[in-house]
Amino acid sequence: MLKTDNTTKAFAPASIGNVSLGFDVLGAALAPIDNSLLGDWVEVADAEQFSLSCDGRFAHKLPPNSVDNIVTQCYEYFQKKRLALGYKALKVKMHLHKDLPIGSGLGSSASSIVAAFYALNQYSAKVFEAEVFDKNTLLKMMGELEGQISGSIHYDNVAPSYLGGMTLMSGQDTQIALNLPVLDKWYWVACYSGLSVSTAKARAILPTSYSMSDTLQFGRQLAVFVDSLHKRDEALAASVMIDVIAEQHRKALLPYFDEARAFAIQNQALSFGISGSGPTVFAVTKTLESAQSIQSWLAQHYIQNEDGFSHICKIDQAGTRTL
Ligand SMILES: Nc1ncnc2c1ncn2[C@@H]1O[C@H](COP(=O)(O)OP(=O)(O)O)[C@@H](O)[C@H]1O
Ligand SMILES: N[C@@H](CCOP(=O)(O)O)C(=O)O
């Protein structure tokens, strides 16, 4: 891609939606400990006419027509919002580097959305200076686009990918997401099986109501988890990482899920669950040795084809950033 002075390139990390206990309201951004970049990046550059080009490991799985790519839709929405505010129109082209598999449970669409909006906003800051969106407005726009893809607005991938760390959705329009303290000694083993699970379909199979006891457990666990993060009580935090909303319904879509959980727990995992709507699973461990033995079992038994991969991660504290 031709470089110009205004060219802006943004990376947005992969994320774990739900983190087992916080369906739709809790998410965490991931940073592999080998310092590789796990996520998509988007470049915005001057151009007379809009176009979108794509490359990257999973670019061949994107919709063939660029108007169906969420990045094009981000550009159109961003432009529409600017014009509605009386801001000048952007004259740009975009490039998407697609490294996250689609339908993986790693917040793949969210990563493209966050990188696209962040790059467009940073580009606007360079070119027009004052004409930019604030953090909360940009996050709201990201959530709206994510909602178009998955069938309903949920911020548990876009918020951590944008802001970094572990984020809790507040339900308040003025501050959509809150950053929680991060237990930085934990390792997060994430393993993508190589299969594809549509988020919209994995949401459609969930019940529309839950029992009183599941509801109470959901609320109690979330409250205890947040308190234990503030008190840095690792054992208590891990003890409430239990999914009472989605796992029992979704695990049928994930071959070898029960076996993977059994191995992880026998090998000192503090917690094991589905990342987002799957098929990626994650295990939390205290030690690198335990993370490595779980990663090696998952690589041998959970990965189903050549698209699969696994990483040992920490929580990404930076969120989206320019490259
Ligand atoms: N840039 C993009 N990244 C990911 N998915 C995209 C993109 N553009 C369009 N899509 C479409 O959005 C849908 C994303 O599916 P979904 O199951 O929500 O994926 P994920 O859970 O990985 O975000 C797919 O139909 C995919 O073709
Ligand atoms: N809370 C959502 C998270 C979906 O994450 P994804 O990475 O699978 O898109 C859900 O569980 O449906």
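What follows is a conversation about how several descriptions of this predicted model are reached.

Student: What makes Leu-106 count as buried?

Tutor: A residue is called buried if 20 or more other C-beta atoms lie within 10 Å of its own. Leu-106 has 30 C-beta neighbours inside 10 Å, and therefore it counts as buried. As for its place in the chain, Leu-106 sits in the loop between β6 (92–97) and α2. If we set aside its neighbours within four places in sequence, Leu-106 is in contact with several residues, among them Ala-14, Ser-15, Tyr-192 and Thr-280.

Student: How do you know whether Gly-107 is buried or exposed?

Tutor: The test again asks for 20 or more other C-beta atoms within 10 Å. Gly-107 has 34 of them, so it is buried. Gly-107, too, is found in the loop between β6 and α2, and its contacts, leaving aside neighbours within four places in sequence, include Gly-17, Asn-157, Ser-161 and Gly-276.

Student: Which residues does UniProt list as "binding site"?

Tutor: In an unreviewed entry, UniProt gives that feature to Pro-101, Ile-102, Gly-103, Ser-104, Gly-105, Leu-106, Gly-107, Ser-108, Ser-109, Ala-110 and Ser-111. Another feature in the unreviewed entry, "domain: GHMP kinase N-terminal", is listed for residues 69–165. In the model, the chain over residues 69–165 is 60% helix and 6% strand, with its end C-alpha atoms 27 Å apart.

Student: What span is expected for α2, and what span does α2 reach?

Tutor: The expected span of a helix is 1.5 Å times one less than its number of residues. With 21 residues, α2 reaches 30 Å from its first C-alpha to its last, which is close to the 30 Å expected. Helix α6 (residues 212–231) can be treated likewise, for its 20 residues reach 29 Å, close to the expected 28 Å. Just after α2, Glu-129 takes a positive phi of about 60°, and just after α6, Arg-232 takes a positive phi of about 55°.

Student: What surrounds ligand 1?

Tutor: Ligand 1 is surrounded by 19 residues, the closest being Ile-70, Ser-108, Ser-109, Ser-112 and Thr-199. At least two residues of this shell come from each of α1 (70–84), α2 (108–128) and α3 (135–150), and the largest share, three residues, is from α2. Sorted by kind, the shell around ligand 1 has seven nonpolar, eleven polar and one charged residue. Domain 1 (8–179) and domain 2 (181–315) each give at least three residues to the shell around ligand 1.

Student: Why is ligand 2 said to lie between domain 1 and domain 2?

Tutor: Domain 1 (8–179) and domain 2 (181–315) both give residues to the shell around ligand 2, and so ligand 2 lies between them. This shell has 16 residues, and the closest are Gly-17, Gly-105, Thr-199, Gly-276 and Ser-277. Helix α5 (residues 199–204) supplies the largest share, three residues, while the shell as a whole divides into four nonpolar, nine polar and three charged.

Student: How do the two domains meet?

Tutor: The centres of domain 1 and domain 2, taken over C-alpha atoms, are 24 Å apart. Their contact takes 29 residues from domain 1 and 36 residues from domain 2. On the side of domain 1 that touches domain 2, the elements giving two or more residues are β2 (15–17), β3 (26–32) and β7 (166–169), and β3 gives the largest share, five residues. That side of domain 1 divides into 16 nonpolar, 13 polar and no charged residues.

Student: What makes Phe-282 buried?

Tutor: Phe-282, whose place is in strand β11 (residues 281–285), has 27 other C-beta atoms within 10 Å. The cut-off is 20 or more, and therefore Phe-282 is buried. Apart from neighbours within four places in sequence, Phe-282 is in contact with Ile-16, Trp-188, Val-189, Ala-190, Gly-273 and Ser-275.

Definitions and conventions: Residues numbered from 1 in each chain as written. Chains lettered and ligands numbered in written order. Predicted model: local features only at pLDDT ≥ 70, side-chain atom pairs only at ≥ 80, totals over all residues. Near = placed C-beta within 6 Å. Helix = DSSP H or I, 4+ residues; strand = E, 2+ residues; numbered from the N terminus. Nonpolar A, V, L, I, M, F, W, Y, C, P; charged D, E, K, R; others polar. Domains from an automatic or database assignment. UniProt positions renumbered as here; feature names shortened; annotations may be inferred. Contact = placed C-beta atoms within 7 Å. Buried ≥ 20, exposed ≤ 12 C-beta atoms within 10 Å, placed from the backbone.
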